[in-house]
Amino acid sequence: MHAALDERLAAGEQAFIDQMVAGRAGRPGALLSILEAVQNHNPHNYLPMESLRYVAAKADVPLSQIYSVATFYAFFNLRPQGDNTICICRGTACHTRGSRSLLQTLRLDLGLGNDEAENASEADKVSLTTPDSKFTLRTVACFGQCALAPVVEINHCICGHVNERTLQREIRNLERESE
């Protein structure tokens with residue numbers, strides 16, 4: 001392993017990754033569980049490129065394969081996440097019941113803008129974090145909870161039949177909790 005690679009990660013992070021790789025090597029789904037553990041261990045809930053490089057070197061897996069896995073699965077993050085995560089479903093049932101309006105309103109309420117150029121492709125994945133890192137707003141293709149549309153996941157808790165008023169109330173509660 002190159003000395004430059006070792007210098008990019010703190011010793012504690014290297015030791016954690018070493019432990020994850022050693023404990024999971026050869027098991028089915030090892031790479032997924034290693035990446036999940038590394039992401040969960042990161043205080044900002046993401047996979048920094050330095051960590052991906054280190055995992056590749058320690059697991060003897062090409063970086064391109066590591067990166068492909070990290071970008072394929074929606075639950076992996078390549079950018080720092082906010083303290084609170086709000087995911088809005090953009091599936092057909094949620095869309096027809098107002099999820100686009102929820103997304104636009106929340107973007108404005110959180111100060112994340114509402115760029116018209118981005119609206120054209122809003123069915124695509126959105127992942128925006130507020131400048132103070134308190135909130136990350138994301139979209140997902142579908143939660144599979146269509147009977148509850150529109151669906152919003154707030155800090156891994158599914159909320160159904162969400163409207164703008166209830167979403168704003170939930171955001172205010174999160175803001176109060178973080179004070």
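What follows is a short exchange about a predicted model.

Colleague: Which residues touch the most other members of the largest nonpolar core?
Modeller: They are I17, L35, V38, L47, V55 and I66, in a core of 20 residues. Helices α2 (11-24), α3 (30-41), α4 (49-59) and α5 each supply at least two residues of this core. Helix α3 gives the most, with 5 residues. Across the chain, 40% of the 179 residues count as buried.

Colleague: Why is L78 called partly exposed?
Modeller: L78 has 31% relative accessibility. Buried means under 20%, and exposed means over 50%. The value for L78 lies in between, so L78 counts as partly exposed. L78 sits in the loop between α5 (63-72) and β1 (84-89).

Colleague: What makes the nonpolar surface patch that includes L78?
Modeller: M49, L63, Y67 and L78 make it, with an area of about 290 Å². Patch residues need over 30% relative accessible area. At 31%, L78 therefore passes that cut-off.

Colleague: How do you know that D109 counts as partly exposed?
Modeller: D109 has 46% relative accessibility. D109 is found in helix α7 (residues 99-109).

Colleague: Which residues gather with D109 in the patch of negative charge?
Modeller: D83, D132, E164, E175 and E179 gather with D109 on the surface.

Conventions
Residues are numbered from 1 along each chain as its sequence is written. This is a predicted model: local features need pLDDT of at least 70, side-chain atom pairs count only at pLDDT 80 or more; totals for chains, interfaces and linings use all residues. Side-chain values use heavy atoms; hydrogens and water are left out. Patches are made of residues with over 30% relative accessible area and no salt bridge: like charges are joined within 9 Å, nonpolar side chains (Val, Leu, Ile, Met, Phe, Trp, Tyr) within 5 Å. Accessible areas come from the Shrake-Rupley method with a 1.4 Å probe; for residues, only the protein chains shown count as cover. A salt bridge is a side-chain nitrogen of Lys or Arg within 4 Å of a carboxyl oxygen of Asp or Glu. Helices (H or I, at least four residues) and strands (E, at least two) are DSSP runs, numbered from the N terminus. Buried means under 20% relative accessible area, exposed over 50%, partly exposed in between (1.4 Å probe, protein chains only). Lys and Arg count as positive and Asp and Glu as negative; His and the chain ends are not counted. The place of a charge is taken as NZ of Lys, CZ of Arg, CG of Asp or CD of Glu. A nonpolar core is a set of buried Ala, Val, Leu, Ile, Met, Phe, Trp, Tyr and Cys residues joined through side-chain atoms within 4.5 Å.
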